[in-house]
Structures are given as C-alpha cells and as structure tokens.
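Reader: Could you walk me through this structure? I'd like to start with charged side chains and then jump around a bit.

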Amino acid sequence: MSFFELAKARCTTRGFTDKIIPQSDLEKVLTVGHVAPTACNRQPQRIIVVQTPENLTKVEKAYHLFGSRCVLIVCRDTRNELIRPFDQKCSGDLDIGIVCDHMMLAARELNIGSVMVGLFDPNIIRKEFEIPEYIVPTVLLILGYPLNGFLNPERHVTERKSLSDTVMYETYTE
C-alpha cells in the first residue's frame, strides 16, 4: 500500500482482541520509532514495553486499556531535550509525537491497531514503574488487534475539514 493509503488506513482503535503481538512485529514497530526524527537528533524518547498482566494492571490504574495486551509507555528524558532559546519551549513533546506517529503507522502496516493517549495520570505511571523525576511519562501507546476491525479509510472524505479550511499560503487568513 502507498504511504497515502497507509496514512488514511491508520485509525484509533478502542477495543482489542486478546491475541498477543508477535515479538518480531513488536520489534518492527519499535525499530520504526527508533528511526523517527527528533530535534537535533537528541532522541529524548524512553519507551517502557508493558505486556505482563501484572504490569498491565498497573497501567490500567492510570487509563483504561480497552483489552490491550501491549502498552508502550513513551516517556521523555528532560536531560536530553532541545530548548528553544527564544521562549524556552521544549522540543520533547513534539519529538514524542513524531516517534509515536511513526510507530502507529508501522503498527497499522502490520494490521495492528493503536490508540495514542495523553490524557492519563503520569504520577500513577511514575509511581507504579518507579520512574525517576527527570523522565516524564508523556504518552501511552496502546497496541493490539482490533476487536471490531479497522475504520473505513474513506471516513476522511466526510469527517475532515476541507484542505482550504486548514491550509493557507503565504499569510494567515480567516
């Protein structure tokens, strides 16, 4: 499938079967995340792969897992981020987003569903996994095989704003 077809086919999955992701497929997903670009190649991502029932229960204290048997806790190392000198904005969250996007597309290519979650309590994750202060739990990337299949890729035709509503050339216009 072309990249455009893959990008259209990627969708949020909120319901997973109990099928285990083969280690070789998980390694492919992680490897694609590993080659994702980050600001000045700082690579602030630190990923904790969670698959055991005991540790999945720990993650479930912070967010509902929709039956998933594999969660990636994607953290950022604050010691290794690029800070923009003009306003002190940190590149770490952007970097994590790029890494996760790469991994979600890789997962979809392997017929693995995903949902990227930022709305969870990082303090629970920090406590349950004994994560040091300079490592910030940023995203839960929940992976698995969709319980009810993937959404229709043509949903983008009817559920998206028109390109002219979101793209401007040369100047900002309302």
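**Salt bridges, cysteines and a patch**

Author: E133 is exposed, with a relative accessible area of 63%; buried means under 20% relative accessible area, exposed over 50%, and partly exposed in between (1.4 Å probe, protein chains only). Before going on: this is a predicted model, where local features need pLDDT of at least 70, side-chain atom pairs count only at pLDDT 80 or more, and totals for chains, interfaces and linings use all residues. Residues are numbered from 1 along each chain as its sequence is written, and side-chain values use heavy atoms, with hydrogens and water left out.

Reader: OK. Which residue does E133 form a salt bridge with?

Author: R126, with the closest N and O atoms 3.8 Å apart. A salt bridge here is a side-chain nitrogen of Lys or Arg within 4 Å of a carboxyl oxygen of Asp or Glu.

Reader: And is R126 buried or exposed?

Author: R126 counts as buried, because its relative accessibility is 14%.

Reader: How many salt bridges does the structure hold?

Author: Eight. Among them is the one between E81 and R76, whose closest N and O atoms are 2.4 Å apart. Both of those residues are buried.

Reader: What else does R76 meet in a salt bridge?

Author: The side chain of D93, at 2.9 Å from N to O. That pair links distant parts of the chain, 17 residues apart: R76 sits in strand β2 (residues 70-77) and D93 in helix α4 (residues 92-109). Helices (H or I, at least four residues) and strands (E, at least two) are DSSP runs, numbered from the N terminus.

Reader: How exposed is D93?

Author: D93 is partly exposed, as its relative accessible area is 45%. For R76 the value is 14%, so R76 is buried.

Reader: New topic. How many disulfides are there?

Author: Zero, from a search of the whole structure. A disulfide is taken as a pair of cysteine sulfur atoms within 2.5 Å. For C70, the nearest cysteine sulfur is that of C100, 12 Å away. For C75, the nearest is also that of C100, 10 Å away.

Reader: Is C75 buried or exposed?

Author: Buried, because its relative accessible area is 0%. C70 is buried too, at 3%.

Reader: Last one: which residues make the nonpolar surface patch?

Author: L163, V167 and Y169, over about 370 Å². L163 is found in helix α7 (residues 163-166) and is exposed, with a relative accessible area of 63%. Patches are made of residues with over 30% relative accessible area and no salt bridge, with like charges joined within 9 Å and nonpolar side chains (Val, Leu, Ile, Met, Phe, Trp, Tyr) within 5 Å. Accessible areas come from the Shrake-Rupley method with a 1.4 Å probe, and for residues only the protein chains shown count as cover.
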